Amino acid sequence: MSVPWVELDPTLVVVAAGTTAVGAVSGALGCFAYLRRQGLVGDVVSHSALLGVVGAFVIAYAVTGSASRSLTILVPGALITGTAALMLARSVSIRTRLNDDASLGVMLSIFFGGGLFLLRWVQRQSPPIAGHTGLEDYIFGMAAAMTRADLWMVLALGGGALTALLLMWKELKVFTFDPDFSRSLGLPSRLLDALMMALLVAGVVIGIQTVGVILMIALLVTPAAAARQWTSRLSTMSLLAAAFGALAGAGGALLSASEAGLPTGPVVVLLATAIFTGSILLAPRRGLIARARARRAMRDLPPSAAGGAS
Amino acid sequence: MIEFWTLAIAAVTALACALSGSFLVLKREALVSEGLAHAVLPGIVIAYALTGDRTSPLLLVGAAATGLVMILLVQAIRRTGVVDSSASLGVVFPALFSVGVLLTSMDLAGEYFHADCIIEGNLALAPLDRLELWGRDLGPRAFWSVSAALLLVIGFVLLLFKELKLLTFDAELAASLGFRPDRVHLAWLAVVSFTIVASFEAAGSILVVALMIAPAAAAVLWVNDVRHVLGLAAVFALASAFAGHHLGLSMDIAPAGPMATSAGALFLASLALAPRGILIKDRARRRGLAQLEVDLVAARLEPGQPRECESIRGELGWSQRRFGAAVARAASGAALVHDAVAGTLHLSAGQAEG
């Protein structure tokens with residue numbers, strides 16, 4: 001009985017399991033954001049989460065007197081500021097002449113700028129608050145910092161989000177593809193919209209520790225965009241995006257562990273990008289190569305057959 | 001003296017970013033700045049590794065070219081029709097940024113560009129890095145590079161103001177008039193990209209994005225004319241640069257976060273106070289709605305013929321409260337006369353004649 005995992009460093013197992021779970025969950029949840037053309041919304045949520053992470057750290061320190069970087073404390077903060085930024089941006093773009101792009105960009109600046117401001121302030125405190133050094137890692141991600149408790153937090157939040165997704169699958173599907181039709185069916189569109197937003201925020205927040213707030217957008221959008229090339233069925237697309245995300249996450253953790261000083265986040269993102277590039281080139285029918293071939297076949301037809309339609 | 005130069009660099013950076021960002025905000029593509037601010041990173045590192053000369057203008061131009069590479073990649077992916085434009089931006093810029101972070105972590109440009117500066121730059125050290133030409137000290141290098149960017153932006157806007165405006169508000173009209181909007185747009189994005197690269201060292205990616213979007217977005221809430229938007233955005237940007245610099249200095253932290261937050265605070269203040277913000281617009285809308293209700297009640301009345309309140313209310317299908325409020329408003333404005341004893345309404349004499 002030789003179990004291959006046993007030979008691996010137990011820390012690495014936790015980290016690899018964490019990044020794999022993150023990749024799978026945000027890949028699946030990202031499909032909805034992708035299909036609703038809200039990919040960049042995830043970027044604003046993840047940047048805004050920094051303020052929540054640092055804020056939760058400060059509040060927990062002020063209340064309990066001891067510093068903790070456990071995800072069980074930091075994740076709720078990230079959820080709150082991520083949602084707040086999203087709701088503010090939406091209200092600005094509905095109620096003023098600014099469009100989504102501008103209102104999202106402003107909220108990103110405010111929340112991420114504020115998060116950075118607070119982070120630098122925390123780091124300047126004297127006597128220094130123990131454990132503040134790890135907060136910086138949320139910017140670029142530090143997969144190696146993941147503890148067993150953090151992994152449980154990721155699995156719980158990710159599992160919760162996926163369960164909600166499965167329970168409301170049909171409703172969310174109709175709402176995504178045809179909001180007007182879903183309203184005419186009497187589905188509660190406000191509730192569905194809120195659920196969609198909550199799922200997006202959850203999908204982003206679980207990954208900020210491993211991939212970092214800046215690059216998290218890629219785990220949301222890239223696997224979904226890659227999966228879209230292979231299929232037109234939402235269920236297949238979600239499963240495929242989850243698989244792509246998991247592959248990128250696991251590969252990134254293992255690759256960056258094999259080479260000292262190789263940051264995990266960028267490696268995960270580049271693996272996902274490689275999958276995306278392969279998909280737009282190779283996918284049957286939609287892929288660029290398949291289409292070029294189809295075009296050539298069309299050109300090579302005898303003129304009578306090619307011009308038959310006219 | 002050092003403080004003077006930090007402030008000068010911050011001010012010029014703020015101006016260059018705000019002016020170039022205004023057109024992005026007006027063209028409704030503000031998040032392109034977020035993409036560019038990340039995508040130029042590999043260009044900066046590679047250009048330095050290749051030239052090895054930090055004073056070389058080639059460095060700035062080479063790095064700015066990466067921004068254009070991002071734009072062209074996004075356009076190419078979008079043109080294939082397999083991925084929509086916001087998602088293709090979301091795929092491309094993190095990938096380029098990841099390459100940049102990996103290259104930075106390999107320390108290719110160690111002495112020129114340190115990993116710590118990616119997000120917030122290093123304004124505090126910028127004045128110490130001097131530009132020396134022909135053995136003379138001409139001031140901080142960063143000041144000259146952001147000034148070059150500012151001049152480029154101003155020059156472009158002055159020369160091609162009409163084209164930019166057309167392109168921003170009606171690209172199709174611009175095309176039908178023979179202006180080649182795609183080329184002007186690309187040239188403009190090249191200028192934006194150059195501005196971002198020049199600002200990067202002192203400001204970092206977050207401040208670049210904040211200064212490009214927030215002042216312009218705030219200005220749009222106050223004024224209509226493009227020239228006024230540009231002017232007001234410049235004022236807001238300068239104010240955030242000064243406020244943020246002061247805050248950072250007094251708290252002894254890097255000024256990028258405080259500057260971005262100040263720009264955000266100015267936007268939030270505009271949101272509350274500006275004529276096209278949230279609060280003020282609501283008050284105007286409420287007033288309009290109230291007048292509409294009065295008009296709706298008045299429209300149900302013929303001159304000189306009183307009607308029962310209840311029957312009017314029934315026709316409108318309003319609640320007691322809504323109807324009562326509308327009647328009270330109408331009576332206080334002397335548009336209608338409410339006979340409380342008979343429970344009837346009729347148009348006031350002046351109203352009937354008019």
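Domain bounds here come from an automatic or database domain assignment. The model is predicted: local features need pLDDT of at least 70, side-chain atom pairs count only at pLDDT 80 or more, and totals for chains, interfaces and linings use all residues. Residues are numbered from 1 along each chain as its sequence is written, while chains are lettered from A and ligands numbered from 1 in the order in which they are written.

**Exercise 1.** State how chain B is divided into domains and how far apart the C-alpha centres of these domains lie.

*Solution.* The assignment gives domain 1 as 2-277 and domain 2 as 283-353. The C-alpha centres of the two domains of chain B are 56 Å apart.

**Exercise 2.** Describe the overall form of chain A from its secondary structure, its radius of gyration and its burial.

*Solution.* Helices (H or I, at least four residues) and strands (E, at least two) are DSSP runs, numbered from the N terminus. On this basis chain A has 16 helices and zero strands. The radius of gyration is taken over C-alpha atoms, and the globule rule is 2.2 Å times the number of residues to the power 0.38. For 310 residues a compact globule would have a value near 19 Å, and the 22 Å of chain A agrees. The C-alpha trace of chain A spans about 85 × 60 × 35 Å along its principal axes. A residue is buried if 20 or more other C-beta atoms lie within 10 Å of its own, exposed if 12 or fewer, and partly exposed in between, with C-beta atoms placed from the backbone. Of the 310 residues in chain A, 51% are buried.

**Exercise 3.** Determine which residues of chain A make up its side of the contact with chain B.

*Solution.* Two residues are in contact if their C-beta atoms, placed from the backbone, lie within 7 Å. The contact takes 47 residues from chain A and 49 residues from chain B. Helix 5 of chain A gives the most to the side of chain A that touches chain B, namely 16 residues. That side divides into 28 nonpolar, 11 polar and eight charged residues, where Ala, Val, Leu, Ile, Met, Phe, Trp, Tyr, Cys and Pro count as nonpolar, Asp, Glu, Lys and Arg as charged, and the others, Gly among them, as polar.

**Exercise 4.** Trace the pairing of strand 5 (residues 344-347) of chain B and identify its covered face.

*Solution.* Two strands pair if DSSP finds at least two bridges between them. Strand 4 (residues 336-339) of chain B pairs with strand 5 of chain B in the antiparallel sense over four bridges, with B:Leu336 opposite B:Leu347. Strand 3 (residues 307-308) of chain B also pairs with strand 5 in the antiparallel sense, over two bridges; here B:Leu345 is the bridge partner of B:Arg307. B:Leu345 and B:Leu347 form the covered face of strand 5 of chain B, and B:Thr344 and B:His346 the uncovered one.
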